[in-house]
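Could we go through a few features of this model together, one at a time?

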Amino acid sequence: MRFKDFFWGLWGQRENRKEKGEEKHKNDISQLRPGDHHYKAYVGPPDQYDFMGATQFRLLCALGLRAHHKLLDFGCGSLRAGKLFIPYLDEGNYFGIEPSEWLIEEAINNEIGRDIIQIKKPHFDHNKDFKTDVFGVDFDYILAQSIFSHTGKDMIKKALKAFGLSLKPRGLIALTFIEGKDDFEAEGWIYPGIVSYRPSTIAQLITEACLFFVRLPWYHPRQSWYLLSKDKNNLPTQEQLAYLTGVVFNEPGFEESYNHNLLGFYSYHELDKAYLALDKTHLRRTKNLRLIPTEENRRGGKYAYGEWAQVIGIFQTLIYQHLDHKEDNHILDMGCGTGILAIASEPFLGEKGAYYGVDVRLEDIEFCRRHYPAEKFHFIPLKSKNPHYAPQNETQDKLPFENEFFDLVTALSVWTHLSEEDSLFYFSEISRVMKKKARAIITFFLLDRAYDKTLPFRTEAEGKYHMTAQNQWIFSKPAYDSSFWFCPEWAKVPEEAIGIKEEALGLLLKRSSLKILCYYPGNWKEIPGVFFQDIVVFEKE
């Protein structure tokens, strides 16, 4: 071998190693930052290039995308998602809009290959004007991931309008926003700058485009997914949304997808609504629990669904134990609220009985009239004044029922909010409308010896059997200078919480024809109890 040939052979090996090194460096994205001039970095965090494409693909497939659908990938960039959608969709069904043509070319060269492009024949357009009608077709799905995180409101409005015009009647739009406490106020395309908008502003922008939407719980490392449609009936229900989590396992970089209360994308209100809809399909042996309302209408110190169910069970048992006849009863519920004891009473109404609920809160009465079956449940507003619950009312309102009409009276957490005057008045009233031998089941904070024994030991600590502070239930201040009706020091008005001494119970009995039949101490006294408050069962003589 001649020296010249040997020399050029060594030089060629050197050049090959150099080219391989450059290629290796080109493929090494560890040193790249978002926004760098590399097709994997220009579109976002380069180390998440694969995931961000995959999560978009997973989402749209979960939303029903099939091969025969037409998809517009708006701002398709370097085909993070496109490299998955193009092979999946039928020939000619992928449409991508991307002003930076070099990104698509790099993706084709490095991620997809020309053969796939030739087989699947995707369509691309490079307009910068947010035009979506350039292909002359309408779309089943439109995807716009991390577009509105770089635009002013003017471009968002333009894009949403264009999306609506290019969307099929049953089509869906999946897009992302960065939610924040303030709105970005400038206009135009901000990239590589990042902008955010308040959720209320996002909702307004979508609504102004004549589109309906739901916020998706699908995981995104930095943004929030929204799903839009021309017809709200095309959007997932709250129950269905619970399945759209996008959770990622076995990847430390995305642990937050299941550690940050992912279903906690929802507010408690949304979770509760979805849960109740599903849970009620599984009721088997307790039919009346189907009437438990969603959380926005569970009030009166009992908020959790489980606590409502428990309290209903407690009082349903007490009602059963203290009714001579188990069916066809007429039941009066004082301070019915949103109907927790209406639910407990339902099994005992039979064919001829009826439930009557009265309350000073008109909004509760109106809800109950909408929620409970009208043929058995009747709800009547009282105009009585209560400084805590109905300060707008002015007088005591007599019960609008004839004498000796009811087989049972219930009052859950009512006499714990009545002054001495009102307490005596309405105790006399329930006595009037009760039949002879009828029963009344009423709760109190009864300040008896069992209560007195706890006073030296009450602290800020949580109760033994309840989840409130022990010292919250110290009744040390006379209510309106009463000798036997007391309220806590924290009460702004006495009616926020009122406890009564045993002498007060004696006065109530003197003003009525009732006698005490049973007494169940409550666990607010830091002892095991049937219920939180004390329960006293009366009988009319």
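The model is predicted, so local features need pLDDT of at least 70 and side-chain atom pairs count only at pLDDT 80 or more, while totals for chains, interfaces and linings use all residues. Residues are numbered from 1 along each chain as its sequence is written, and side-chain values use heavy atoms, with hydrogens and water left out.

Colleague: How far does helix α2 reach from its first C-alpha to its last?
Modeller: Helices here are DSSP runs of H or I with at least four residues, numbered from the N terminus, and α2 covers residues 49–62, which makes 14 residues. The expected span is 1.5 Å times one less than the number of residues. For α2 the expected value is 20 Å, and the helix comes close to it, reaching 20 Å.

Colleague: Are α6 and α7 parallel or oblique to each other?
Modeller: The axes, lines fitted to C-alpha atoms over the stretch in contact, with angles from 0 to 180 degrees between N-to-C directions, come within 9 Å and cross at roughly 40°. Angles under 35 degrees count as roughly parallel, over 145 as roughly antiparallel, 65 to 115 as roughly perpendicular and the rest as oblique. The two helices, α6 and α7, are therefore oblique.

Colleague: Is Asn288 buried or exposed?
Modeller: Asn288 sits in the loop between α10 (268–279) and α11 (305–322). Its contacts (heavy atoms within 4.5 Å), leaving aside neighbours within four places in sequence, include Ile312 and Pro347. Buried means under 20% relative accessible area, exposed over 50% and partly exposed in between, with a 1.4 Å probe and protein chains only. Because its relative accessibility is 4%, Asn288 counts as buried.
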